[in-house]
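Here is a short briefing on one protein model. Look at the structure first, then read the points below.

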Amino acid sequence: MTAAFTVRVKDETASKLDQLAEKLDRYRSYMAAEAIEAFVDQQEWQLAEIEAGLAEVERGEFASDEDVAKVFGKYVKSARQS
């Protein structure tokens, strides 16, 4: 089942959407639906990860100062060698 609704976007965005739809041989509505679904999926994932991180904090699951220093040192060395 699908739901229909109206969305307002800038003229420039609508034009870009039309260009993409034409290049991909798709309807504008298909492209808009795909974009909305991708956005919703990404936001859902991001919020779940944030909530999982906050739950770890509440349980007191932190990296030690030593662990953080090791990781930081690894990347600082890599950046200096580049």
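**Aromatic rings and charge**

The model contains zero aromatic pairs, where rings of Phe, Tyr and Trp (its six-membered ring) pair if their centres lie within 6.5 Å, with planes under 30 degrees apart counted as stacked, over 60 as edge-to-face and the rest as tilted. This is a predicted model: local features need pLDDT of at least 70, side-chain atom pairs count only at pLDDT 80 or more, and totals for chains, interfaces and linings use all residues. Residues are numbered from 1 along each chain as its sequence is written, and side-chain values use heavy atoms, with hydrogens and water left out.

- The charged end of Arg26 sits over the ring of Tyr30, 4.4 Å from the ring centre.
- A charge sits over a ring if NZ of Lys or CZ of Arg is within 6 Å of the ring centre and within 35 degrees of the ring normal.

**Packing of H1 and H2**

- Helix H1 covers residues 11-23 and helix H2 covers residues 28-58. Helices (H or I, at least four residues) are DSSP runs, numbered from the N terminus.
- The two pack at an angle of about 105 degrees, with their axes 9 Å apart. Axes are lines fitted to C-alpha atoms, for helices over the stretch in contact, and angles run from 0 to 180 degrees between N-to-C directions.
- That makes H1 roughly perpendicular to H2 (65 to 115 degrees).
- From H1, Ala14, Leu17, Asp18, Leu20 and Ala21 meet Arg28, Met31 and Ala32 of H2. Contact means heavy atoms within 4.5 Å.
- The residues of this contact divide into six nonpolar, no polar and two charged. Ala, Val, Leu, Ile, Met, Phe, Trp, Tyr, Cys and Pro count as nonpolar, Asp, Glu, Lys and Arg as charged, and the others, Gly among them, as polar.

**The loop between H1 and H2**

- Asp25 lies in the loop between H1 and H2.
- Asp25 has a positive phi of about 55 degrees, although it is not a glycine.
- Asp25 counts as exposed, at 71% relative accessibility. Exposed means over 50% relative accessible area, buried under 20% and partly exposed in between (1.4 Å probe, protein chains only).

- Val40 is in helix H2 and counts as partly exposed, at 42% relative accessibility.
- Val40 and Lys23 are 17 residues apart in sequence and 24 Å apart in space, C-alpha to C-alpha.
- Glu66 is in helix H3 (residues 65-81) and counts as exposed, at 54%.

Key. Angles under 35 degrees count as roughly parallel, over 145 as roughly antiparallel, 65 to 115 as roughly perpendicular and the rest as oblique.
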